[in-house]
Amino acid sequence: MPVVEDRLKTLGITLPTPAPAAGNYAPVLDVEGWIYISGQLPMVDGKVVSTGKVGGDVSVEDAYQAARTCAINALALLYQAMGAHEGALDDVQIVRVGGFVASAPGFTQQPKVINGASDLFCEVLGDRGRHARAAVGVAELPLGASVEVEVVARRLGKYA
């Protein structure tokens, strides 16, 4: 079994079917081996599972899990972009993660929240999951989501 698929199985993660774009944009775009994944919300079965302001009505721990869900959704799009074949994610590196946290006034722990996505990428991809990152507090996110994560990745090896 391919390495990444084995790690996903061990973690009890099944990649969801990616949601279609909610507007006039591409959810994922491959430009000469650089893969850009549009902002992913903490969606499960078509519903946002974490809404509100972190540091207010959403705890850091719950937002961390929401960021993890965003990362799983991003991996599903990455898998699709890589051709959705066995072993596809074994030939990918996460380069940059942008994390947006709907923050209550005075909340400054955005990096702890976005660690949910960063930790997931490292758990699943090992060293190829380590990335550059920004974790930013914002006033509002689409659909009232507490967290949004965007990703830049690149193809490696025979698929580059």
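Student: Which residue of β7 is the bridge partner of Ile35?

Tutor: In β7, Ile35 has Ala153 as its bridge partner. Strands of a sheet pair through backbone hydrogen bonds, either parallel or antiparallel. Here helices (H or I, at least four residues) and strands (E, at least two) are DSSP runs, numbered from the N terminus, and two strands pair if DSSP finds at least two bridges between them. Before we go on, note that this is a predicted model, in which local features need pLDDT of at least 70 and side-chain atom pairs count only at pLDDT 80 or more, while totals for chains, interfaces and linings use all residues. Residues are numbered from 1 along each chain as its sequence is written, and side-chain values use heavy atoms, with hydrogens and water left out.

Student: In which sense do β2 and β7 pair, and over how many bridges?

Tutor: The pairing of β2 with β7 is antiparallel and runs over five bridges; besides the pair we began with, Trp34 stands opposite Arg154 of β7.

Student: How many residues lie between the strands in the hairpin of β1 and β2?

Tutor: There are two residues between the strands of that hairpin, and Glu32 takes a positive phi near 50° in it. The strands β1 and β2 run antiparallel and are joined by four bridges, with Leu29 standing opposite Tyr36 of β2.

Student: Where else is phi positive in a residue other than glycine?

Tutor: Most residues other than glycine have a negative phi, and most peptide bonds are trans. In this model, Asp45 has a positive phi near 55° and lies in the loop between β3 (43–44) and β4 (47–48). Leu143, in the loop between β6 and β7, has a positive phi near 60°. Asp45 counts as exposed at 76% relative accessibility, and Leu143 is exposed too, with a relative accessible area of 64%; the cut-offs are under 20% relative accessible area for buried, over 50% for exposed, and partly exposed in between (1.4 Å probe, protein chains only).

Student: How many of the nine residues of β7 are buried?

Tutor: Seven of the nine are buried, so β7 is largely enclosed by the rest of the structure. Arg154, whose place is in β7, counts as partly exposed because its relative accessibility is 31%. Leaving aside residues up to four places away in sequence, Arg154 touches Gly33, Trp34, Asp91, Val92, Gln93 and Val95, where contact means heavy atoms within 4.5 Å.

Student: At what angle do α2 and α3 pack?

Tutor: Helix α2 (residues 60–81) and helix α3 (residues 110–125) pack at about 45°, and their axes are 7 Å apart. That angle makes α2 oblique to α3, since angles under 35 degrees count as roughly parallel, over 145 as roughly antiparallel, 65 to 115 as roughly perpendicular and the rest as oblique. The residues in contact include Ala67 and Ile72 of α2 and Leu120 and Phe121 of α3. By class, this contact has 15 nonpolar, two polar and four charged residues; Ala, Val, Leu, Ile, Met, Phe, Trp, Tyr, Cys and Pro count as nonpolar, Asp, Glu, Lys and Arg as charged, and the others, Gly among them, as polar.

Student: Which residues of α1 meet α3?

Tutor: Val4, Arg7 and Leu8 of α1 meet Glu123, Val124 and Leu125 of α3. Helix α1 (residues 3–10) packs against α3 at about 120°, with the axes 8 Å apart, which makes α1 oblique to α3. The residues of this contact divide into four nonpolar, no polar and two charged.

Terms used: Axes are lines fitted to C-alpha atoms, for helices over the stretch in contact, and angles run from 0 to 180 degrees between N-to-C directions.
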